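Hi everyone, thanks for coming. Today I'd like to walk you through one structure, with the sequence and the model up on the screen.

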Amino acid sequence: MFTLIDLPYAPDALEPVISAQTLAFHHGKHLQAYVDNLNKLLPGSGLEDLPLEQIVAKASGALFNNAGQILNHEMYFTQFAPQPSSPEPTGNLLAQIQKQWDSLDAFKAEFEAKGVSLFGAGWVWLQADEAGQLSIGQYANADNPVAHGLKPLLTFDVWEHAYYLDYQNRRAAHLSALWQIVNWKEIERRYN
Ligand code: MN
């Protein structure tokens with residue numbers, strides 16, 4: 001049985017970037033529904049004893065969609081902090097970003113552009129291969145780096161449910177505001 005993760009901050013802690021109302025629906029309704037669906041689909045699937053990442057790597061169809069969305073949202077919600085202790089990346093991760101994009105600002109610009117240009121619902125991810133090489137991936141619906149053998153590091157949710165109450169159709173404004181609440185210490189922990 002999977003259970004809904006607790007948020008590591010108060011419901012209104014990410015305002016004004018993400019409102020308490022958006023968080024209540026996104027975490028309490030959307031993510032809860034994916035958890036409930038997966039728990040209904042798992043019995044008899046042959047995957048019921050596996051950890052979430054292995055279910056995502058092996059499943060297809062509705063099982064993949066619900067497991068993928070749980071993984072995506074757990075990593076999404078736990079990468080934010082109201083006042084990030086580390087508002088910019090440091091160490092290995094910063095060095096690798098600078099090596100590949102020249103600057104953090106150039107990386108952010110490409111990441112936002114890939115979120116804006118993703119058609120329909122999905123996710124933009126910063127991901128790493130086994131050698132630590134970084135890339136930015138666009139994934140439709142529930143897809144994610146884990147399903148493609150890559151390590152997931154940082155993600156922006158571009159499903160409309162992530163921003164429509166606060167930003168309506170202004171996806172670009174929402175994505176550009178999200179940098180204010182990214183907890184880079186958590187992204188570095190995932191990378192190293
Ligand atoms: Mn979502």
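I'll start with a strand and its neighbours, and then turn to some aromatic rings. Please keep in mind that this is a predicted model.

Let's find strand β1, which covers residues 122-128.

Now, which strands does β1 join? On one hand there is β2, residues 134-140, running antiparallel to β1 with seven bridges between them. As an example, glycine 122 has alanine 140 in β2 as its bridge partner. The hairpin of β1 and β2 has five residues between the strands, and there glycine 132 takes a positive phi near 90°. β1 is also joined to β3, residues 151-157, by six bridges, and these two run antiparallel as well. Here tryptophan 125 has threonine 155 in β3 as its bridge partner.

On to the rings. The count comes to eleven aromatic pairs. Let's take phenylalanine 107 and tryptophan 179: their ring centres are 6.0 Å apart and their planes sit at 65°, so this pair is edge-to-face. Phenylalanine 107 lies in helix α5 and tryptophan 179 in the loop between α7 and α8, so the pair ties together parts that are 72 residues apart in sequence. Phenylalanine 107 is buried, at 0% relative accessible area, and tryptophan 179 is buried too, at 9%.

Finally, both belong to one aromatic cluster, formed by Trp101, Phe107, Phe111, Phe156, Trp179 and Trp184.

How values were computed:
Residues numbered from 1 in each chain as written. Predicted model: local features only at pLDDT ≥ 70, side-chain atom pairs only at ≥ 80, totals over all residues. Heavy atoms only, no water. Phe/Tyr/Trp six-rings, centres within 6.5 Å; stacked < 30°, edge-to-face > 60°. Helix = DSSP H or I, 4+ residues; strand = E, 2+ residues; numbered from the N terminus. Buried < 20%, exposed > 50% of the residue type's maximum accessible area, 1.4 Å probe, protein only. Pairing = 2+ DSSP bridges.
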